[in-house]
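Let's take a walk through this one, starting with the overall build and then stopping at a few charged pairs and a helix contact. Keep the structure open beside you as you read.

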Amino acid sequence: SLGALLCDLEPGTIPASHPNILEKLKLCPALTGAQQDALNALLLSGHTAYGDPSSWDLQTLQDLGPLVLALNQTTLSLVAEAAREDFRRSIAATYMSQGRSQREESLMLLRVLAAASAASQPRLRRSADRCLSEPITASNIEYIIVYLSELDQLDLCLSNNVLIENLEAVLDLPITTGASWVLKKKVDEFFQESGIPEEQLRRLGMLSRLYTEQEISHWQVTSSDTLSALLSDSGGKWNDSQVQQLLSRYLALGGSLTGPLLQEIGGKRLCNLQEEQIQQIPAAAIGTAGQLNISSCSQSKKDQLYGKAREAFASLASTPSLYYCQIRPYLGGAPAEDLKDLANAGVAINMDLGTFLALNPEELQKLSVTDVKHLLGENLPELKEHEHEPPVLSWLQQQSQHELDCVLGIGLQGGQPEPTGTASPAATSTATVTSPAGPTTLASVTSTATVTSPVPTTLASVTSTATVTSPVPTTPASITSTATVTSPVPTTPASITSTATVTSPVPTTPASITSTATVTSPVPTTPASITS
């Protein structure tokens, strides 16, 4: 016995082999195209236990077993139409009880048999205006799959009434796209006058996806159960525009969106709703919707949903970690005040970077360095990897680099540098005296004191003196003295002294002396001591 090696035989060897080779070929998992051609040549010779293909009946086709999958159109066209029809019926009858791999093989066989039938009677098929086989009924509903490649016969052999009465059973079959359109047409014909009732909409399954937005706008969708049935994944994928229309119709008819419905809708499609529609969502629905991804929402819609989420989870606010867990998907709409409250809750929430980067950029800019540290918690080091992303970069540019280094300490760059020390302008002291003999400006005195210290120090003592001498009585001298001290670091107070002396051989009125000292420092200092 050649055993497994038989499956590797050269194609030319098969026709020349003993007819019993067919029984051994049944054990091969698959035959190559060339091997299949050789197999058909052997069968067409008629020199096998199965005889000439024109003599085959249902039993013969069943006895061929897996070899039927290798039969080509030439061989099958020689088989009597009645035998092929019986074989197709037997396959359809057992289809629902087969496993997945068997179903795939059955579908292949049905398509091959259908193609052979179409090829053997092309003129009859094209001119037919009636069902050429037994009509499809509830008892043989699975026979629909026989017509997956003969859509005109599917339309003629399946009545509208039978389809509506057995719609769930029909949709459980492996319906092709072409057959789906035939079924939709029949549904529309059945409800042409009244429109599809709401209880029937729930049964449409995959057929519902074939309806346009215009058609959906006329549906009577008033029950959450109906909407849930239509949105079920079991019916296949919807287009976003279809879901938008479906939800709009439901809300327009007074429907309310519940938590389970929001979960079925999904965050992405929720973002497609209009703002006035989002406003209709009860806060309680957000509380039972689970985790929704609303990252694709506009900022205004995020703000709306956050407000509803905040209301829904307000009872959890006393437990910050639990509150954060629930409200996290909606934080993209949170104002800075609420984010600060989370940061200062006293419990590390360890916000992930995905949530942090999705915060409203305008509100992020209002957070302090300490706020960010408390929000991120153990995830803070990851912020370094995102320092060049626009919202983070913008935030960094508004912070003190000194604070970024000292408070965060993760090497972030881009903050504002510390200001540096500068020399003070000159201080000017002027004394003016007027004599009874005539107004006279006796003297103009300028005094400049400048002290600059880059490190902590006791500032210099600055003295400004103005002296005026007059041979005649004078009115008081007016003397102004100004000293300016600038230091970039904490200093002990500057001692500034300004003295004005007026000398006259006759009594005089005391001089009026004004002295001003200004000390500027970027950090707290002890006030300057000024003596005049």
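Buried means under 20% relative accessible area, exposed means over 50%, and partly exposed is anything in between, with a 1.4 Å probe and protein chains only. Keep in mind that this is a predicted model, where local features need pLDDT of at least 70, side-chain atom pairs count only at pLDDT 80 or more, and totals for chains, interfaces and linings use all residues. Residues are numbered from 1 along each chain as its sequence is written, and side-chain values use heavy atoms, with hydrogens and water left out.

First, the big picture. The protein chain has 27 helices and seven strands; helices (H or I, at least four residues) and strands (E, at least two) are DSSP runs, numbered from the N terminus. Of the 532 residues in the protein chain, 43% are buried. Contact here means heavy atoms within 4.5 Å. Among the contacts in the protein chain with a separation of 6 or more, 68% are between residues 24 or more positions apart.

Now for the charged pairs. A salt bridge is a side-chain nitrogen of Lys or Arg within 4 Å of a carboxyl oxygen of Asp or Glu, and a search of the whole structure turns up 16 of them. Start with Glu85 and Arg88, whose closest N and O atoms are 2.9 Å apart in a salt bridge. The two sit three residues apart in helix H5 (residues 81-95), so about one helical turn separates them. Both ends are tucked away: Glu85 is buried at 10% relative accessible area, and Arg88 is buried at 1%.

Next, go to Lys186, which makes a salt bridge with Asp155 at 3.0 Å, N to O. Lys186 belongs to helix H11 (residues 177-190) and Asp155 to helix H8 (residues 151-157), so this pair ties together parts that are 31 residues apart in sequence. Lys186 is buried, with a relative accessible area of 3%, while Asp155 is partly exposed at 25%.

Lys184 and Asp188 form a salt bridge, with their closest N and O atoms 2.8 Å apart. They lie four residues apart in helix H11, about one turn of the helix. Lys184 is buried at 8% relative accessible area, whereas Asp188 is partly exposed at 26%.

How do helices H25 and H27 meet? The axes of H25 (residues 369-376) and H27 (residues 401-408) come within 10 Å and cross at roughly 30 degrees. Axes are lines fitted to C-alpha atoms, for helices over the stretch in contact, and angles run from 0 to 180 degrees between N-to-C directions. That crossing makes H25 roughly parallel to H27, a label for angles under 35 degrees. On the H25 side, Val369, Thr370 and Lys373 meet Glu403, Leu404, Val407 and Leu408 of H27.

One last stop is Glu104, in helix H6 (residues 100-120). Glu104 is partly exposed, at 44% relative accessibility. Its C-alpha atom is 9.7 Å from that of Pro174, although Glu104 and Pro174 are 70 residues apart along the chain.

Terms used: Parallel < 35°, antiparallel > 145°, perpendicular 65-115°, else oblique.
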